[in-house]
Amino acid sequence: MVQRRRMLMQAAALGAAICSPAARAQADYPNRPVRLIVPAGPGSAPDVVARLVAERLGALWGRVLIVDNRPGAGGIPGMSALARSTPDGYTLGFVPAAMAVITPLLFRQPQFSLDSDLVPVATLATSPLLLVTPAASGVRTLGEFAKASQAKGGRANFAAPQTGSLPHLAGEMVNRIGRMNLFTVPYPAPPAAVSAVLSGDAELTADGVPGLLPHIRSGRLRALAVTSAQRLPGFEDIPTVAETYPGFEAIGWFSLFAPTGTPDEIVQRVNRDAARVMQAPDLIARLAEMGIYPRTGSTAETGEFVTAQRQVMKRFVAELGLKPQ
């Protein structure tokens, strides 16, 4: 009799848990619009990709995803807003690599912590960089470029696009490991750095594929190398930096994050659904035009990827002697 009463009590408790408001909310997720914080401005590459993903997730869920742009200061306004949001799954962050792993290293008060404030939900895509030089220079490989720049004894320039950005750090690291003796000239944004190379004011810069492709196709710039570990689909003739300097990799990427405390059931749901939409052929084709390539995985794999990328950037910053400002 006592055992039967205990079983009935356990069953009642289980039923109450299943029928609790929190459990029902998770089972019905999402049952209202979801806010997607993007720590970059409207029209930027992260914003464009975020809206493509939001459109497809919204269609899958039958709910609106509201893109909330929070640009400026290395992404701190957006990242701090995400970190302080209610952890109920109705605020997510579409986070580029720079905001996640570079900003905490280069700002004294980033106002958020990946360790305590945010949880990685899903890796979405990667965005490699290209290293380019004027085609008129006649240099055809990264090794040839290194020898030519060494011969100039510090009189060759690296156009650094936006100090503290991933292209800046990647270019500085290549300069360092190749002993190229390049003099770094900072520019406010990638287009200005590209213009410097086009005009002959600099011999090298780094940027994403879309910003460089028109100039490569016109014959004005030559792509010396791509910063990913493997050659890019459709650009197989461009070698990787690692083919000249083994072990090198520096890639941009986009991931979804949520405030710490977001129910695991919701985190897992978003992860699965994000992986599903990233497999759509039309989205894959559209992203390829932008030099962006889908990369998905479980929540555990996402966490491991982010941790590995943090270690890469920590090493870059340490070896370059950069200090938080």
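Me: In which helix of this predicted model does proline 167 lie?
Reply: The model is a predicted one. Within this model, the element that holds proline 167 is helix 7.

Me: Is proline 167 buried or exposed?
Reply: The relative accessible area of proline 167 is 12%. A residue counts as buried when this value is under 20%. Proline 167 is therefore classed as buried.

Me: How far apart in space are proline 167 and alanine 206, C-alpha to C-alpha?
Reply: In sequence, 39 residues separate proline 167 from alanine 206. Ala206 is also among the contacts of proline 167, together with Leu129, Phe158 and Pro161, once neighbours within four places in sequence are left aside. From C-alpha to C-alpha, the distance between proline 167 and alanine 206 is 5.2 Å.

Me: Why are helix 7 and helix 12 described as oblique to each other?
Reply: Helix 7 covers residues 166-177, and its axis is 10 Å from that of helix 12. Angles under 35 degrees count as roughly parallel, and those from 65 to 115 as roughly perpendicular. The angle between helix 7 and helix 12 is about 60 degrees. The two helices are therefore oblique.

Me: How many residues of the contact of helix 7 with helix 12 are charged?
Reply: Helix 7 contributes Leu166, Leu169, Ala170, Glu172, Met173 and Arg176, while helix 12 contributes Met313, Arg315, Phe316, Val317, Glu319 and Leu320. Eight of these residues are nonpolar and none is polar. The number of charged residues is four.

Me: Is the crossing of helix 5 and helix 12 left-handed or right-handed?
Reply: Helix 5 (residues 97-106) and helix 12 (residues 299-320) have axes that come within 9 Å and cross at roughly 35 degrees. The crossing of helix 5 with helix 12 is right-handed.

Me: Which residues of helix 5 meet helix 12?
Reply: On the side of helix 12, the residues involved are Val306, Gln309, Arg310, Met313, Lys314 and Val317. The contact of the two helices comprises seven nonpolar residues, one polar and two charged. The residues from helix 5 are Val101, Ile102, Leu105 and Leu106.

Me: Which residues touch the most other members of the largest nonpolar core?
Reply: The largest nonpolar core contains 82 residues. Tryptophan 253 belongs to this core, and its contacts beyond four places in sequence include Val101, Phe305 and Val306. The residues that touch the most other members are Phe94, Leu142, Trp253 and Leu256.

Me: How many residues form the second, separate core?
Reply: Leu130, Val194, Ala223 and Leu232 are included in this second core. Its residues number 19.

Definitions and conventions
Residues numbered from 1 in each chain as written. Predicted model: local features only at pLDDT ≥ 70, side-chain atom pairs only at ≥ 80, totals over all residues. Heavy atoms only, no water. Axes fitted to C-alpha atoms, helices over the stretch in contact; angles between N-to-C directions. Helix = DSSP H or I, 4+ residues; strand = E, 2+ residues; numbered from the N terminus. Left-handed = near helix turned anticlockwise from the far one by under 90°. Contact = heavy atoms within 4.5 Å. Nonpolar A, V, L, I, M, F, W, Y, C, P; charged D, E, K, R; others polar. Parallel < 35°, antiparallel > 145°, perpendicular 65-115°, else oblique. Core = buried A, V, L, I, M, F, W, Y, C linked by side-chain atoms within 4.5 Å. Buried < 20%, exposed > 50% of the residue type's maximum accessible area, 1.4 Å probe, protein only.
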